Amino acid sequence: MARLIRAVLLLLALALPAAAQQDAFDAAVSGLAGGFNQQAEAVERLGALGDPRAVPLLRALADGRLLKRPDGGLVPPGEAAPPGAEPVRVNNRVRVALRGALGRLQLVSPDPAERLAAAEAVFRSRDAANAPLLEAALARESLPRIRSQMELSLAASRLVAADKGAKRAAIAALGAAGSTDARALLLEARAANPALAAEIQTAVAAIDRRLSLRRMAETLFQGLSLGSVLLLAALGLAVTFGVMGVINMAHGEMVMLGAYTTFFVQEALRGVPWLLPWSLPLSVPAAFLVAALVGAAIERGLIRHLYGRPLETLLMTFGVGMILQQAVRTLFGAQNREVLSPPWMQGTLTLPGGVSVTQNRLWIIVFGVAVLLAVLAAIRLTRFGLEMRAVVQNRRIAATMGIRTGRVDALTFAFGSGVAGMAGVALSQIDNVSPNLGTGYIIDSFMVVVFGGVGSLAGTLVGAMTLGVVNKVLEPWAGAVLAKVAVLVALMLFIQRRPRGLFALRGRAAEG
Amino acid sequence: MPTTAVRPAVTRRAALAAGLGSVLAAPAIRLSFGQGAPIRVGVLHSLSGTMAISETALRDTVLMMVEWINARGGLLGRRVEAAVVDPASNWPLFAEKARELLQVAKVDAVFGCWTSVSRKSVLPVFEELNGLLFYPVQYEGEEQSRNVFYTGAAPNQQAIPAVEYLMGPDGGDAKRIALLGTDYVYPRTTNRILRAFLNSKGIADADILEEYTPFGHSDWQGIVSRVKRFAGEGKRTAIVSTINGDANVPFYRELGNQGIKAEDIPSVAFSVGEEELAGIDAKPLVGHLAAWNYFMSVQAPANTEFKQMWSNYIKNPRRVTNDPMEATYTGFRMWAQAVAKAGTTAVDPVREAMYGQKVDAPCGYAEEMHRNHHLSKPVMIGEIQADGQFNTVWKTPAAIPAENWSPFIPENANRRRG
Amino acid sequence: MSATLASPAPPRAAAARNVLRWVLIGAVLLLALLPVLNRLPLDSALHVSDFVVSVTGKWITYAVLALAIDLAWGYAGILSLGHGAFFALGGYAIGMHLMRLIGPRGVYGHPTLPDFMVFLGYRELPWYWWGFDHFPFALLMALAVPGVLAAVVGFLAFRSRITGVYFSIITQALTYALMLAFFRNDMGFGGNNGFTDFKELLGMPLNTPNARAMLFYASLASLLGAYWLCTRVTRSKLGRVLVAVRDAESRVRFLGYDTTRIKLFVFVLSAVLAGLAGALYVPQVGIINPGEFSPGNSIEAVVWVAVGGRGTLVGAVLGAFSVNALKTWLTSVAPDLWLFALGGLFVAVTLFLPRGLIGLLRRREP
Amino acid sequence: MTAPVLYLDGVSVVFDGFRALNSLSLIVEPGELRAVIGPNGAGKTTMMDVITGKTRPIAGEVRFRDHDLTRLDEAAIATLGIGRKFQKPTVFDALTVFENLELALKAPRGPVACLRWALSGEAARRIEAVLDETGLASRSQDRAAILSHGQRQWLEIGMLLMQDPELLLVDEPVAGMTDQETEHTAALLRRIAGGRSVVVVEHDLEFVRALGRRVTVLHEGSVLSEGSIDHVQNDPRVVEVYLGR
């Protein structure tokens, strides 16, 4: 206990408030070390006291940095951890309290980011007692973004206040805001005061109109993001199958190798903290190289001997896939690998109009398009691309013109595999990094390529995006599985109509 | 042709032995074992295919236990050997391998299976040949075979307490529940039980959202935003997840990315353990819950010993322990005790001896095998921590017996007995 | 003989084939002996365990599937990567029958509904389950459903002249779609768990040596029947037309053959055989579930044929037995390494033995 | 005059904007042996494709007796009695000479019919006859794969005979043949022509001369000139576009 006193004294040193508040504050602080319920009350009381000294304590508690001595005494934040001290645990109830309390305390913080966070927190805590605080804060607030948030929060807290007039205003304000949270608050309020049901109803209806539009936009986005995943998975095939006519059943394993490379790059960079957030971009070339090398090896060692026998190639690469998968399993274990997402890929981004999109999905769309462009460039603009097209169109003539077709084959296959590897980098962000990673994508990729039109990258793009969007549009009604099944069946029927796919290539593409 | 068909069986004994030799290469201290052929335990866990992710750890656990018991002089003064096979996540192959272990490798007990379907697949074989299977995974119940000892949890030892917690003040007074699951029998049954339970607690069907996804589902955007909407109806909402191991990583990523914080929509999972969390960045998930009967973080002497054994055996600081591993460990200990008590490995006496066996399990409680072939287990609710471990925020004061025939499934009333 | 492409062969091959014929007859007799040896006392040197009988019975059904695939692929050049689907459908049909036979012996003692329906809250039997309590109907369905599906898919594909790799990819998508569909519990086919815990078939309790022997002989008979049928086809003029279609389809059209009909005929026949194989498979392994639809299974089955030697019926059978024997053996002896061995085998065979194991015995160019 | 066997009127075919056939018109009388010549890309092979149903014209009429060929597929057209011999001899390598002929033999073509099919003595005799006619009797049991180039050509012609078509389309039968082979082929064709109508597409003017029948010259997808070999050879337009070079 003596130590705790000292701790509190130390806090006193920061600022000297009225002695009266003092005991209340100390009592509350000591409560933080207690059981969950005690903690929650203590936190709420600290929030109510509005004593700025509580902020560092509460924040430490929220981040699990607040230490407790074996004897139960608290270690003031910033002080060296004594032996045997361990972090004070909290549960969700305490977290909720913490958010409210910190919100109240930080409404007047000098840091605008903190004020904004505080305003949002207060919005969630739905407490009438916040109203005066918010009014005070609003009086001082200048930044429009924060003001609007504070007004919302004010409305939220007035909604649960006694004053009818205030409530009406609040309802209008929340209705105008048109966010899901606002809607939730309103519906909550409707239950509480039936008198205002009519007004609340209109407000909610207004919100719903907006939300329905927003939902469409979000569905579209989700479709595109699924499409971009398919695109990434299929691009490599579009090269190996589309251009060379090689059926590579081990394609999925190439993707998987790319994902593992991402993991190992990240592990390698753990030592270099400032580079770590960039491990993902750095793994792109690495993944490309690894997959490309493996691809080249497979092509030179095996596939080369089976040209003109696509069905045998299919079976052979199936065996290769089995081997690669088991190899990874025995080398790196069957467990999933943890690939961190860099900060700039976490969380959601709210577009104008309130459409919120998840950062990682957004980046994957960007990445998908980038890879597509890169592939296009490689084929259209480079010498290698020229030779590749030449060999595709007429191997014999190309050979007579001094193109080393064998080399071109190897490069093309390596290139396709490399692209698959890059897809692995993206997939490591949304899927398990495990030996089975690839198997889930192989069939979809084939369908995309065939649907889009073998040998046509544009077709692959359109194909992937169409499949993605259709899938996502169907999902709400049909459910994830039926949607997928429906898409597959539709695809099969489509291919009956147009065996060459959307963008049929003239002349020989990849004839079976 | 026929020779290829017959030969395996003839040579397999030798071959298996050879295989075992390599398996047992572990540095077991050479003890002088008494007379008698070695006791054999079969290990029936997928080492390849989709389930390898979860099951290989259990294979290692059994091998660890075999090493452990041999180091302590074996069983009945006889050496214990493990016969490891790979059913390759292929359910018919499970049945074939089970028969092989019992008839060809002549094992005295089998530790294996993870998915319900694999268990259902081998069940007839074990009943026909009167074998002994130790099944270490929490499951949907609605089963009780005299040839199986279930060392994982029944629904009442996991699901129901967890939901009660969510509905309590500490869990956030949930009034609306989203039941998300992978589309197979465990989630279906569990959710059916939960729905009945929730209704009994006065939660209307309108306040229950039930969604199923295929195995390995990786695109959760749609469902997570549907849950968000579901939560936007003005009542405190919580997620109850029976999502199968592999699909959890993308699910939690999506949860994190769509900014669903435990403070807003807490979620409790029944199939997410330390192993699954090892595959993701847990920071955005702090505060989400899981219900198990064991957490690696449990403070108990038995657990310290267990973790020590594991790290010594696996020699990889990153490899964690989890609930099914604990259940395997406990099951093995119990079997060993039962064999010692029965003085034989014959199935019938051992079965009798199993009843009432007690083990101080790593979960920190004494677990007992009841005549319903299920263990009494404590229920623990843990919060995901930033380091991928769980912090126990609630647990039952004592181990509670299993209700493998749930009272919430009316059909159990007119169930055939025996 | 039939096992190779039609038309008389040089004397050397003929000699080789006579040897082979005797080997085959010996093989069949040996197989037929297994259930008998199984009845010998455990301590006798000749005793073979139930395991061997049941696992061999399984391989025999696989051999029938291999024959089906070889007929379509080896002769007509139609590579279906969805034959596992026909196999599984046949299995499901019989599985439904076996489920109906459980009757009130289910856990919940419901007179008609299988357990999974009971706790999924079904009130009465879905219409598509009607009639499956009669064995003949179930058997008919086991053959008809795959046949019809093959007819539809084949007609659409062959009419629009989808060949080679494209056809393979479509059929692969087909089995994949079916797998996803059958995984859904709402389909009323038991979802992921499929059907298990069968009690009896044709009044004889399963999981007894008797039943195993019966099923074993039924499978063996079907194998011989299927073999005879395929021989009949491949030896006939139809067989030669198939080969012609495989090698130069358009030329065959110019000869006035409606290749769509020809291919459809063979594809459906092959699918029906696959269904038969599945129907025999399920009661022996005691479970059918959507896993059987997984594309991997279909590809593996094709690989058996490739390993044995496509375009030769004996090769298909040989492949099915040898690969599966190897798999059964390796998954026990080298649980961590067997995938390397198997994958390696697939690679090696496609690279070095384009005509499979049988190619080692036969010197005749197919 | 009798109704023509083959009647093409204003037939046009377009590949990606390129006019392969440009309102081509051609009439073949019963029993006529017609040679069609023309430089590369004149549309000779395309014409064959249109008649045999491999390619569909965008405009024009294609009649065989009173059948509209544009509505039928290859198989149906073949069964109507139009046989085609390809530029590159395509016989079934995996089958023996005998089997090749057997497949071609006029008989029910359905799968079940093929399954039931048993070689009747009469059919056997017909095959023997053709074997003699084509001079392949000695190779009867050899697989087509091991035949010489010329023999493959004859085997294919033999297959046409087995089909017993009313109209025979022969595409460059003597390309890459030795002189004797060319001789033999010409003789063979003349003999065949007896009963049926034959259209021979050829580069080799000597061969055409050897045939000594009516000649049609194609150029850029339409008929440039028609008549006896001497007539067309003296036609200035022909000389300009073709022989002149």
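Analyst: Two residues are in contact if their C-beta atoms, placed from the backbone, lie within 7 Å. The model under discussion is a predicted one.

User: Which residues does Val302(C) touch, leaving aside those up to four places away in sequence?

Analyst: Val302(C) is listed with the residues that have the most contacts inside the largest nonpolar core. Residues up to four places away in sequence are not counted here. What remains is one residue of chain A and several of chain C, namely Leu315(A), Ile69(C), Trp73(C), Leu79(C) and Leu81(C).

User: How many residues does the largest nonpolar core have?

Analyst: Besides Val302(C), the residues with the most contacts inside this core include Leu235(A), Ala63(C) and Leu67(C). The size of the largest core is 451 residues.

User: Which element gives the most to the side of chain A that touches chain C?

Analyst: The contact between these chains involves 34 residues of chain A and 38 residues of chain C. On the side of chain A, α14 (310–332), α19 (439–452) and α20 (457–497) each supply at least two residues. By class, this side has 25 nonpolar, 6 polar and 3 charged residues. With 13 residues, the element that gives the most is α14(A).

User: Between which chains are the most contacts found among the 5 pairs that touch?

Analyst: Chains B and D can be set aside, as no contact joins them and their closest C-alpha atoms lie 28 Å apart. In another pair, 48 residues of chain C are in contact with 49 residues of chain B. Among the 5 pairs of chains that touch, the most contacts are between chains B and C.

User: Which element of chain C provides the largest share of the side that touches chain B?

Analyst: Elements of chain C that give two or more residues to this side include α1 (11–39), α2 (50–75), α6 (164–183) and α11 (313–333). The side divides by class into 27 nonpolar, 17 polar and 4 charged residues. The largest share, 10 residues, comes from α11(C).

User: At roughly what angle do the axes of α3(D) and α6(D) cross?

Analyst: Helix α3 (residues 97–104) of chain D and helix α6 (residues 149–163) of chain D have axes that come within 7 Å. Val97(D), Asn100(D), Leu101(D) and Ala104(D) of α3(D) make the contact with residues of α6(D) that include Leu155(D), Gly158(D) and Met159(D). The contact residues comprise 6 nonpolar, 3 polar and no charged.

User: Which residue in the turn between β9(D) and β10(D) has a positive phi?

Analyst: Strands β9 (residues 215–219) and β10 (residues 222–227) of chain D pair in the antiparallel sense over 5 bridges. Within this pairing, Leu218(D) stands opposite Val223(D). The two strands form a hairpin with 2 residues between them, and the turn residue with a positive phi, of about 50°, is Glu220(D).

User: What is the bridge partner of Lys68(A) in β3(A)?

Analyst: The open sheet of 3 strands in chain A has the order β2-β1-β3, with antiparallel pairing. Its edge strands are β2 (74–75) and β3 (86–87), each of which pairs on one side only. Strand β1 (residues 67–68) is joined to β3(A) by 2 bridges. In β3(A), the partner of Lys68(A) is Glu86(A).

Definitions and conventions:
Residues are numbered from 1 along each chain as its sequence is written. Chains are lettered from A and ligands numbered from 1 in the order in which they are written. This is a predicted model: local features need pLDDT of at least 70, side-chain atom pairs count only at pLDDT 80 or more; totals for chains, interfaces and linings use all residues. Axes are lines fitted to C-alpha atoms, for helices over the stretch in contact, and angles run from 0 to 180 degrees between N-to-C directions. Helices (H or I, at least four residues) and strands (E, at least two) are DSSP runs, numbered from the N terminus. Ala, Val, Leu, Ile, Met, Phe, Trp, Tyr, Cys and Pro count as nonpolar, Asp, Glu, Lys and Arg as charged, and the others, Gly among them, as polar. Two strands pair if DSSP finds at least two bridges between them. A nonpolar core is a set of buried Ala, Val, Leu, Ile, Met, Phe, Trp, Tyr and Cys residues joined through C-beta atoms within 7 Å. A residue is buried if 20 or more other C-beta atoms lie within 10 Å of its own, exposed if 12 or fewer, and partly exposed in between; C-beta atoms are placed from the backbone.
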